Amino acid sequence: MKRILAMLAMGAALNASAQNKVVITGTLPDLPNDTMMRLWTPFQEGYDSTVIKNHSFTFNKTLTTGSGGVFIIGVGSIKDEKKGTILFLEPGEVKITGKGPYFQNATYSGSPFIKDWVDICSTILDTSAAFSEKRKLIIRQEEAENVGDMLTSNELQPQIEAFNKQQSEVAKVWISKHPKSSVSAYLIANVLNKTMPRDELLELLGKQPQNVQRAASAVFLKKTMGIGLDMGSVAPNFTLPDVNGKMVSLSDYKGKYVLIDFWASWCGPCRAQNASLKAAYEKFKDKNFTILSVSADDKKEKWLQAVAEDKQAWAQVSDLRASFSPVAQDYHVMALPVNFLVGPDGKIIGMGYMNERLEQKLSELLK
């Protein structure tokens, strides 16, 4: 569950201003008096705090993440997630009331943005009743991965992806019906990004009003999607050791279509994605196409074991530096899995081709 909260709380630092103030007040009967209440995001250092008095609290927060950021608010330790909840914040006012325990079944009111947030929480996000089964699947997958049971994790992934597609369809309808809501940025960045390729996501975001495009969730999306790597730009070259220690360079494949795939042995969605990568590789490997997988592992034995288990016959490279790899930084990799499709001229022609989309794109290119 910690991973879920962290992903939901993505934000990006923007300049603060007097207009970026939000006031959050809460009255919940079971809040323990003289206990610290925290407001934080894991993507910034520190947190705001206040002390609970008369079972109530108040935050006067300047949003340094700009409008449209997502935060976690909770009682006591930031690690005790059962005593917290997630809030989408814009400048304005938020009032929280309820009987508890803590934030369970709380009522949220105030500025218009909080109404929109409550709406998507109850209808679209994993917190909604409609997707309660997805929550159970994710918890089961995390439990399996924690004990190294990747077989179970991989078996659960298709079911999770089916729910992701359902959520995306509902999110698209919501966005169309709420054209001025900054909450749309959150849906694009955290719901649609699980099913739509980069180009379509950025195209959809570009059609939104400026308040949506400037929202912290949208800014972070652009960073995680490698927005600095424009379509048509030359893919940064790199040289890394393969599973046998032989140095392999991206430039070795100039003249071919190359899918640069960033993954890791511990990443459940990555491992599940390997099956579709294998299918595309077998179908197009004799048509001027190949795959170059870059692992974000830091333990060689885990990396090699995953390569063997998933029967990946294409080139596998890694410097075993995980997220500190200069290659990952050059490609703005902030989440896994992610991939870049490079043309024969060495230029980037697409990104984010998951599942059947890769075969569809290759069928268009390699007729």
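This is a predicted model: local features need pLDDT of at least 70, side-chain atom pairs count only at pLDDT 80 or more; totals for chains, interfaces and linings use all residues.
Let's begin with the open sheet, whose four strands are ordered β4-β1-β7-β8 with mixed pairing. Strands β4 (56-62) and β8 (107-110) stand at the edges; each has a single partner strand, so one side of each has no neighbour in the sheet. On average, neighbouring strands here are turned by 15° against each other, direction ignored. If you follow β7 (residues 92-97) to β8, you will find the two running antiparallel and joined by four bridges. Along this pair, V94 stands opposite G110 in β8.

Now look for helix α2 (residues 112-123), which lies across β1 (21-27), β7 and β8 and runs at about 150° to β8.

Next come the nonpolar cores. The largest of them has 49 residues, and I24, L89 and W117 have the most contacts inside it. Helix α5 (residues 183-190) supplies the largest share of this core, six residues.

Finally, turn to helix α9 (residues 268-284), where R271 is found. Is R271 buried or exposed? Its relative accessible area is 5%, under the 20% cut-off, so R271 counts as buried. Beyond its neighbours within four places in sequence, R271 is in contact with M150, N154, W263, A264, S265, A306, E309 and D310.

Key: Residues are numbered from 1 along each chain as its sequence is written. Side-chain values use heavy atoms; hydrogens and water are left out. A nonpolar core is a set of buried Ala, Val, Leu, Ile, Met, Phe, Trp, Tyr and Cys residues joined through side-chain atoms within 4.5 Å. Buried means under 20% relative accessible area, exposed over 50%, partly exposed in between (1.4 Å probe, protein chains only). Contact means heavy atoms within 4.5 Å. Two strands pair if DSSP finds at least two bridges between them. Axes are lines fitted to C-alpha atoms, for helices over the stretch in contact, and angles run from 0 to 180 degrees between N-to-C directions.
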